[in-house]
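Have the sequence and the 3D view open as you go.

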Amino acid sequence: MSQDSLSRFWQGQNIAIVGLSPDSSKPSYEVGEYLKNARYTLYPVYPRGEKILGFSVCHSLQELPCVVDVLVIFRKSEAVESVVREALALGIARRIWVQLGISSAPARALCEAAGVPYVENLCIMREHERLAGGKA
């Protein structure tokens, strides 16, 4: 994906993170903390709890209070297709980012057919750092 295409992912302010763990030792927490420090509004999507990184937890995609600019997915590859299918059906994401080490050809095809920009197997934090020229 070109640098110009990746830079479009930073347009907007709202980022939902599916699988944002409350455990500070997990990569999803580190990424969420980085994005918070970069001044994005986060919507953690996690099945338990009330707050993560100071943001109210949505226990499902249906609980998201708005259309998000980027939906970041921290789930196993085999779960990505169903998350993407649900997000597209709900119309709740302008762009979808699947984290480093995770990929799904069916999810990519669904996004292409819907015209929703899709990135997979890249770390959103590392790419933001690279494009922004340093840490948040």
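Is Arg94 buried, partly exposed or exposed? Arg94 counts as partly exposed, because its relative accessibility is 44%. (Buried means under 20% relative accessible area and exposed over 50%, with partly exposed in between, using a 1.4 Å probe and protein chains only.)

## Before you start

This is a predicted model, so local features need pLDDT of at least 70 and side-chain atom pairs count only at pLDDT 80 or more, while totals for chains, interfaces and linings use all residues. Residues are numbered from 1 along each chain as its sequence is written, and side-chain values use heavy atoms, with hydrogens and water left out.

Helices (H or I, at least four residues) and strands (E, at least two) are DSSP runs, numbered from the N terminus.

(A salt bridge is a side-chain nitrogen of Lys or Arg within 4 Å of a carboxyl oxygen of Asp or Glu.) Arg94 sits in the loop between H3 and E6, and Asp69 in the loop between strand E4 (55–56) and E5, so the pair ties together parts that are 25 residues apart in sequence. Asp69, at 9% relative accessibility, counts as buried.

Now look at Arg95, in the loop between helix H3 (77–90) and strand E6 (96–98). Arg95 is buried yet has no salt bridge; the nearest side chain of opposite charge is Asp69, 4.3 Å away. (For charge, Lys and Arg count as positive and Asp and Glu as negative; His and the chain ends are not counted.) What the Arg95 side chain does reach is the backbone oxygen of Gln11, at 2.4 Å. (That's a polar contact: a pair of N or O atoms within 3.5 Å; within protein, one must be able to donate a hydrogen and the other to accept it, and residues adjacent in sequence count only if both atoms are side-chain atoms.) Leaving out residues up to four places away in sequence, Arg95 touches Arg8, Phe9, Gln11, Asp69, Val70, Leu71, Val116 and Pro117. (Contact means heavy atoms within 4.5 Å.)

## Salt bridges inside helices

The whole structure has 4 salt bridges. One of them joins Arg85 to Glu81, with the closest N and O atoms 2.7 Å apart. Arg85 and Glu81 are 4 residues apart in helix H3, so about one helical turn separates them. Arg85 is partly exposed at 43% relative accessibility, and Glu81 is partly exposed too, at 28%.

Glu127 is buried at 12% relative accessibility, whereas Arg130 is partly exposed at 46%.

## The sheet

What order do the strands take in the open sheet? The 5 strands run E2-E1-E5-E6-E7, with parallel pairing. (Two strands pair if DSSP finds at least two bridges between them.) Strand E2 (41–45) and strand E7 (118–119) are the edges, each pairing on one side only.

E1 and E2 run parallel and are joined by 5 bridges, with Asn14 standing opposite Thr41 in E2. At the other end, 2 bridges join E6 to E7, and Trp97 has Val119 in E7 as its bridge partner. As for E1, 5 of its 5 residues are buried, so it is largely enclosed by the rest of the structure. Asn14, Ala16 and Val18 point one way from E1, and Ile15 and Ile17 the other way.

## The cores

The largest nonpolar core has 24 residues, and those with the most contacts inside it are Ile15, Ile17, Leu35, Leu42, Val72 and Ile124. (A nonpolar core is a set of buried Ala, Val, Leu, Ile, Met, Phe, Trp, Tyr and Cys residues joined through side-chain atoms within 4.5 Å.) Strand E1 (14–18), helix H2 (27–37), strand E5 (70–73) and helix H5 (124–132) each give two or more residues to this core. H2 gives the most, with 4 residues.

Not counting residues up to four places away in sequence, Ile17 touches Gly32, Leu35, Leu42, Tyr43, Pro44, Val45, Val72 and Phe74. Apart from this core lies another, of 23 residues, including Val68, Ile73, Val84 and Val116.
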